[in-house]
Amino acid sequence: FKPEVTYYLSTTGLDANDGSASHPFATLTNAVAQATAAYHSANAYTILIENGVYTNGNIQITVPLTIKSRNGLDSVTLVDSIVIGASTGSTAANVALYLNADGIVLDGLLFRPKTYPTGNTTSGPGRAITAVKRAIIRNCAVRDWQTAGYSVDGIVALAGGSILERGEMINCIVRSSGGQPRYGIVYVNGNASVIDTVITNCSLVAQTSSSGSAIYAGGTAVGSLLVRNSLIAKCTSDRSGNTTTTLGGAIYLSGANIKAVLENVTLADCSDVGSGVGGLNVASVASVAARNVLFHGNRNSATTKDVGFASGMAAKCQFDTCAFTESVPAGVSGSGNVAVYVPFVGGGDYHLVSSPAVEAGASLGWALDAEAKDLGGAPRLNASRVDIGCYERELTAVECYIVEAYNTGAFEPVTLGTM
């Protein structure tokens, strides 16, 4: 146990205040500076943010802090005012929040840029978050973010064992200019986890070698990537005109020392505008273990392409109890894999309907816990086996009618169970 030191932030505050509940600060920049100046390892520090919209530039955090909204996601919006250019594109200064200490926690924050580039200009927002040490980014969302067309890989960058959990990355674009390939909406270099997270309607535009329109994991570091209980849908690598078959992919793995684990992920309706991979692209890894993953509707410009392997990479991958569009792809090895045709409710709803993906998943230890939930918060195990993908199929009550003919002849509805 550590004594709690809390600073308060409010749209009605003043930076000349002491940061108490009755005299809050006005800006996150100042709150972080004051907490950093006061920091002592014997205490635990929190910045509690009241409802409202706050604008900040680049904030570099170098001590363990918890920065959280009082009332959860959508109550607090952090607006990034940074406009990056040639001197800041690949530095710590290109990001709204740069997390450079173990133990930093972000909780319940919505990130938006102040300006939006038009086309592939070299001027505009950089990243929303860079975590270079072990941080937890929880219940946070990045929406409608478009980077400048400069040297920025990823809108959220994770390393050092960082965890992105219960997050949202929605309607985000990483742009390119000057012929530079760009990689990832979530960019991973080292150890990281993506858990209970939604990444949808995101794009890489427009460079013919760009890959990883949802998650890119690369670099030379020895690292592990865990993606669990998450939805990745409708993400696009715009590589129009490129006929290379080994690029693209909503998840792109390109590090010889990476050990990737994918569990109960739904990877659906992602596309490569080119001849590459729509879904999972394994370019270089130490190993991949995919379990209970639902691949569906992932395509390049010509055909279905749920998964793709560079030369020699298929042998390093194991797929167990996974589902694929219409047929299990060539090169996929493992047990219990099935083909599915119409697995979802439809209309952008990725909850399951009856298909071979239902009641077909492996019994993974975390999913058997009594408190385990699917991405929507329903019990992860609601029948004899878990389902494949990020959602469990919703159970439907069955009404039966018992005729009490001997006494009254009335029909009495009685719910007997679910199926």
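1. Basis of the note. Because the model is predicted, local features need pLDDT of at least 70 and side-chain atom pairs count only at pLDDT 80 or more, while totals for chains, interfaces and linings use all residues. Residues are numbered from 1 along each chain as its sequence is written, and side-chain values use heavy atoms, with hydrogens and water left out.

2. The sheet of 11 strands. An open sheet of 11 strands, with parallel pairing, runs in the order E1-E2-E5-E8-E11-E14-E18-E22-E26-E30-E33; strands (E, at least two residues) and helices (H or I, at least four) are DSSP runs numbered from the N terminus, and two strands pair if DSSP finds at least two bridges between them. E1 and strand E33 (317-320) stand at the edges with a single partner strand each, so one side of each is left without a neighbour in the sheet. Direction ignored, neighbouring strands of this sheet are turned by 10° against each other on average, where axes are lines fitted to C-alpha atoms, for helices over the stretch in contact, and angles run from 0 to 180 degrees between N-to-C directions.

3. E5 and E8 pair in the parallel sense over 3 bridges, and the bridge partner of Thr66 in E8 is Val105. Strand E8 (residues 104-107) is in turn paired with strand E11 (residues 135-138), again in the parallel sense, over 4 bridges, with Val105 standing opposite Ile136 in E11. E11 is then joined by 3 bridges to strand E14 (residues 162-165), the two running parallel, and in E14 the bridge partner of Arg138 is Glu165.

4. Helix H1. In helix H1 (residues 28-38), Leu28, Asn30, Ala31, Val32 and Ala35 are buried, where buried means under 20% relative accessible area, exposed over 50% and partly exposed in between (1.4 Å probe, protein chains only). These buried residues pack against strand E1 (4-9), strand E2 (44-49), strand E4 (59-61), strand E5 (66-69), strand E6 (76-80) and strand E7 (95-99), contact being defined as heavy atoms within 4.5 Å.

5. The sheet of 4 strands. A further open sheet, of 4 strands with parallel pairing, has the order E16-E20-E24-E28. Its edges are E16 and strand E28 (271-273), each of which has a single partner strand, so one side of each is left without a neighbour in the sheet. Strand E24 (residues 236-238) and E28 run parallel and are joined by 3 bridges.

6. Ser271. This residue lies in strand E28, where Thr236 stands opposite it. Ser271 is partly exposed, with a relative accessible area of 24%. Leaving aside neighbours within four places in sequence, Ser271 is in contact with Cys235, Thr236, Ser237, Gly278 and Arg299. Ser271 and Asp238, although 33 residues apart in sequence, are 8.4 Å apart in space, C-alpha to C-alpha.

7. Pro181 and Arg182. Pro181 is placed in the loop between strand E16 (173-175) and strand E17 (186-188), and Arg182 lies in the loop between E16 and E17 as well. Pro181 is partly exposed, with a relative accessible area of 26%, whereas Arg182, at 7% relative accessibility, counts as buried. Beyond its neighbours within four places in sequence, Pro181 is in contact with Asp153, Ser176, Gln207, Ser209 and Ser210. The side chain of Arg182 reaches the backbone oxygen of Val152 at 3.1 Å, a polar contact being a pair of N or O atoms within 3.5 Å, of which, within protein, one must be able to donate a hydrogen and the other to accept it, and residues adjacent in sequence count only if both atoms are side-chain atoms.

8. The cavity. The structure holds 1 cavity of 30 Å³ or more, a cavity being a set of points, on a 1 Å grid over the protein atoms alone, where a 1.4 Å probe fits but cannot get out, with lining residues having an atom within 4 Å of a point. The largest cavity has a volume of about 40 Å³, the volume being the space filled by probe spheres set on grid points that are joined across faces, edges and corners. Its lining includes Ile129, Ile137, Cys140 and Leu164, and the elements giving two or more residues to this lining are strand E12 (141-143) and strand E15 (168-170).

9. The largest pocket. About 160 Å³ of space lies in the largest pocket, a pocket being an open set with protein on both sides within 12 Å along at least five of seven lines. Of the 14 residues lining the largest pocket, Tyr98, Arg127, Thr130, Val132 and Ala157 are the closest to its centre. E7, strand E10 (127-131) and strand E13 (156-158) each supply at least two residues of this lining, and E10 gives the most, with 3 residues.
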